Amino acid sequence: MIIKRKPLNLAERLYLPAIIGGFKVTLRHLLKKKVTMQYPEEKWVVPEGYRGAPYLVKDQEGNTKCVSCQLCEFVCPPKAIKITPPGPAGQLADRANAEKMPKEFEINMLRCIFCGFCQEVCPEEAIFLQKDYSLTGTSRAEMIYNKEKLLALGGVHAGVQKWKHKADEAKEQESFPVKA
Amino acid sequence: MIESVNNWLNGLSDTQSLLLFTSIKAIGAFSVMMFMVAYTVVLERRLCAWIQDRIGPNRVGPFGLLQPAADGIKAFFKEEMTPAHVRKIFFTLAPMLALIPAILNLAVIPFGSTLGKQPMVLADLNVGILYTFGIVSLGVYSIVLAGYAANSKYPFLGGIRSTAQLISYEIAMGMSVIPIFLYVGNLNLSSVITAQTGTQLGVLPNWFALQNPMTFLAFCIFLVSAFAETNRTPFDLPEAEQELAGGYNVEYSAIKFAMFFMGEYANMILVSAMMVTLFFGGWTLPWFGLDQPATTPIGGVLHIGIFLGKVFLFLVMFVWIRWMWPRFRYDQLMDLGWRRFIPVALANILVTAVWLWWRSAQ
């Protein structure tokens, strides 16, 4: 198809409408509120469900939730997690409903890809991807977070109480038909 | 202390005092110009950011005012690459040539009236404007040499474009100012300023840009040619980032690259100073008797301030236009230069000459 081009009139050939139009647009933007966020001082609100760094959480009594099952270690695609189990004669878990807890739990944050598989696979709801997105360190060794650090950063996750939910579920299944 | 300095100054012969004061003025003017180059870069970056709804560099020093220092340190300490395929001598020569014309032209610009007994112009040449155009035409060599020396295709295309563009617009630029000098009667830039003193219709300045249609047209042509001569948008074809990946400066890095930018901004300042001198009354303001040479040091400083203020407004315009309009197509550029501006400038000379002849015959 051949598009008919309208011949330019004198004002248009002098580029005057374009000049004025350009000036108006740029002036409007010049006076407008700026969209830049001054990052380290201003930070964006991290939305719910954001997949940040994975940290270990404690239950509402302040005990370690992890039972050292090593599922997260196996599922982790970049092999960022390394768990040292306590062994047969090792330390016992610090809470009821658990046999053991990890002797050491390390996440290499340089390898972690924040996929959330560890959170999904965890039967004890002991590891969660939290809201930290800017992890920095001055050496590689510093970027390997150990159990102590992960627990401190993870905090208490009182919202999710697995064994309470399990009891509720069991109670519900006693009657028929089972609720969705 | 002051007395002994005074005695020493009075004891100098004419040649000695000329030498002394000219070197002081030269160093002063050069430092002010380099300072302005640095801060025009900041102005450009901040203004472009604002136009694009951003904030721009504001981290180095208060309000980002130390940004030029950071940029300078970076440019000096970056690794300087000289590609193996370049022509080394020209490759080194080109960035040096980028700055020289602008600095040389500074000599004839009257940037103030008087300070003490000293006229605020480095060389009050009687052929001021001829000198200016002579030096301005050297400006093309840096880009041409850079394009040629780089020995690769994009810089070469940039160099070729630049040659054609600068040569074309130099003609229009040179011819556009002839009507001004027909009015003034000689080629001295100080007398151009004297011719623009006073007011018309009581309040309006008697500047050449506002004096009559012929000089206004001359200003329009000069303005557009100035954009073309300084390689600024909408005529920045030699460095067209999108088409030529940066044009003539592709192969350059570190301080050599920075030299081209300093050259570009120095040229902008120079051309703004030229426009202020030729069309906007230089250091004068028509009100409060500011159009007469200063008698007190404060008046002298005020005149320099007025001049710098006018130059600053032109710089803002240069920068703003860069972020306002797209680039001309190459054929449009050539068409505008050769088939519009040169005939119009010629006609303008003729009309002005006829008008002046008719007026003197009255």
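Predicted model: local features only at pLDDT ≥ 70, side-chain atom pairs only at ≥ 80, totals over all residues.
**From B:Asp53 across to chain A**

The side chains of A:Lys32 and B:Asp53 form a salt bridge, with 3.8 Å from N to O. This pair crosses between chains: B:Asp53 sits in the loop between α2 (14–51) and α3 (67–77) of chain B, and A:Lys32 in the loop between α2 (16–31) and β1 (54–56) of chain A.

Next, select A:Glu41 and B:Arg59. They also form a salt bridge, and their closest N and O atoms are 3.1 Å apart. Two salt bridges are found across the interface of chain A and chain B.

**The whole interface**

Now show every residue in contact between the two chains. Chain A contributes 17 residues and chain B contributes 13 residues. About 1400 Å² is buried between chain A and chain B, and carbon and sulfur atoms give 63% of that area. On the chain A side, select A:Thr26, A:Leu30 and A:Lys34: these lose the most area to chain B, together 35% of what that side buries.

Eight residue pairs are in polar contact across the interface of chain A and chain B, with both residues at pLDDT 80 or more. Colour the chain A side by residue class: the part that touches chain B has nine nonpolar, five polar and three charged residues.

**Chain A on its own**

Followed along the sequence, the elements of chain A run α-α-β-α-β-β-α-β-β-α-α.

Zoom out to see the outline of chain A. Its C-alpha atoms fill a box of roughly 95 × 55 × 35 Å along the principal axes. The radius of gyration of chain A is 28 Å, while a compact globule of 180 residues would have one near 16 Å. Of the 180 residues in chain A, 32% are buried. For contacts in chain A between residues at least 6 apart in sequence, 73% join residues at least 24 apart.

Which residue forms a salt bridge with A:Lys82? Select A:Glu106, whose closest N and O atoms in this pair are 3.9 Å apart. A:Glu106 is in strand β3 (residues 104–108) of chain A and A:Lys82 in strand β2 (residues 81–84) of chain A, so the pair links distant parts of the chain, 24 residues apart. A:Glu106 is partly exposed, at a relative accessible area of 24%.

**A network in chain B**

Bring chain B back and select B:Glu44 with B:Arg322. A salt bridge joins B:Glu44 and B:Arg322, the closest N and O atoms being 3.5 Å apart. B:Glu44 lies in helix α2 of chain B and B:Arg322 in helix α14 (residues 297–322) of chain B, so this pair ties together parts that are 278 residues apart in sequence. B:Glu44 and B:Arg322 are both buried.

Together with B:Glu44 and B:Arg322, they are linked in a network of salt bridges.

Notes. Residues numbered from 1 in each chain as written. Chains lettered and ligands numbered in written order. Heavy atoms only, no water. Contact = heavy atoms within 4.5 Å. Buried area = accessible area lost by both parts, 1.4 Å probe. Salt bridge = Lys/Arg side-chain N within 4 Å of Asp/Glu carboxyl O. Polar contact = N/O pair within 3.5 Å; in protein donor to acceptor, adjacent residues only side chain to side chain. Nonpolar A, V, L, I, M, F, W, Y, C, P; charged D, E, K, R; others polar. Helix = DSSP H or I, 4+ residues; strand = E, 2+ residues; numbered from the N terminus. Rg over C-alpha atoms; globule rule 2.2 N^0.38 Å. Buried < 20%, exposed > 50% of the residue type's maximum accessible area, 1.4 Å probe, protein only.
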